[in-house]
Amino acid sequence: MEFDLVALQKQIEQKKRNYPQEWLGRSLAYTPYQPRPISESLRKTQTFTPKNLYHLPDSKDFLEIAISKAQHHSALLLDSLENLTYIRRYIHLPLIFNAPIIDTYQILESLVYGADCIALRAAILSQRDLKTLSDFSLKLGLESIFFIHSKEDLTKAIFAGANMLVIEDIDLIPLIPNNKIILAYATSSHKGIDSFILSD
């Protein structure tokens with residue numbers, strides 16, 4: 001996923017001016033959604049069969065697609081909060097907000113919209129920021145999935161307390177502690193993978 005960090009930061013600052021974080025926090029008292037656990041639903045079965053997640057496209061028929069995919073997947077990955085909060089009314093699977101997160105405001109916003117889990121990208125965050133965002137997420141009851149591209153990313157994620165890791169390079173798998181949940185795109189193949197991320 002490509003994105004402009006500067007543009008993202010400006011967007012967040014604009015949201016903070018329109019809807020301050022304190023106001024967003026107070027709105028949690030009125031949200032009908034509570035985060036649902038996700039980690040164990042992504043761990044491979046006792047017969048070592050990997051689970052599947054589906055990366056939902058941001059298309060006009062997103063709801064119809066989500067309903068059809070819900071029967072055969074363990075969770076849905078979404079890039080749009082607007083789509084996520086709409087789907088939450090109809091889908092009982094855990095929903096993962098997949099957009100890049102660089103600020104605690106986004107995590108609070110994700111919870112208000114009904115996300116069960118967020119994606120944290122180690123490559124765009126410092127060790128300190130990654131840890132801060134991960135801790136803040138856990139404080140709110142949201143689990144985090146860490147996207148890993150390198151050994152450096154993996155080290156940062158482990159020190160930040162990562163439990164679920166999305167990897168692109170399967171050569172990193174031997175470096176990952178045994179108790180972690182490993183996710184990968186369906187183009188990968190390795191016995192250590194717990195869940196595959198699928199898309200059309």
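The partner of E40 is R43: the two form a salt bridge whose closest N and O atoms are 3.2 Å apart. R43 itself is partly exposed, at a relative accessible area of 24%.

A word on the background. This is a predicted model, where local features need pLDDT of at least 70, side-chain atom pairs count only at pLDDT 80 or more, and totals for chains, interfaces and linings use all residues. Residues are numbered from 1 along each chain as its sequence is written, and side-chain values use heavy atoms, leaving out hydrogens and water.

Side chains of opposite charge can pair when their charged atoms come close. How many salt bridges does the structure hold? There are 7, counting each side-chain nitrogen of Lys or Arg within 4 Å of a carboxyl oxygen of Asp or Glu. Here are three of them.

| Salt bridge | N to O distance |
|---|---|
| E40 and R43 | 3.2 Å |
| E13 and K16 | 3.8 Å |
| K131 and D135 | 3.4 Å |

E13 and K16 are 3 residues apart in helix α1 (residues 5-18), so about one helical turn separates them. E13 is partly exposed at 30% relative accessibility, and K16 is partly exposed too, with 25%.

K131 and D135 sit in helix α7 (residues 127-139), 4 residues apart, again about one turn of the helix. K131 is partly exposed at 34%, as is D135 at 35%. Elsewhere, salt bridges that share partners join E13, K16 and D103 into one network.

Now for the whole chain. It has 8 helices and 8 strands, taken as DSSP runs numbered from the N terminus (helices: H or I, at least four residues; strands: E, at least two). The radius of gyration is 16 Å, close to the 16 Å of the globule rule for 200 residues, so the chain is as compact as a globular protein of that length. That radius is taken over C-alpha atoms, and the rule is 2.2 Å times the number of residues to the power 0.38. Along its principal axes, the C-alpha trace spans about 45 × 40 × 30 Å. Of the 200 residues, 49% are buried.

Key. Buried means under 20% relative accessible area, exposed over 50%, partly exposed in between (1.4 Å probe, protein chains only).
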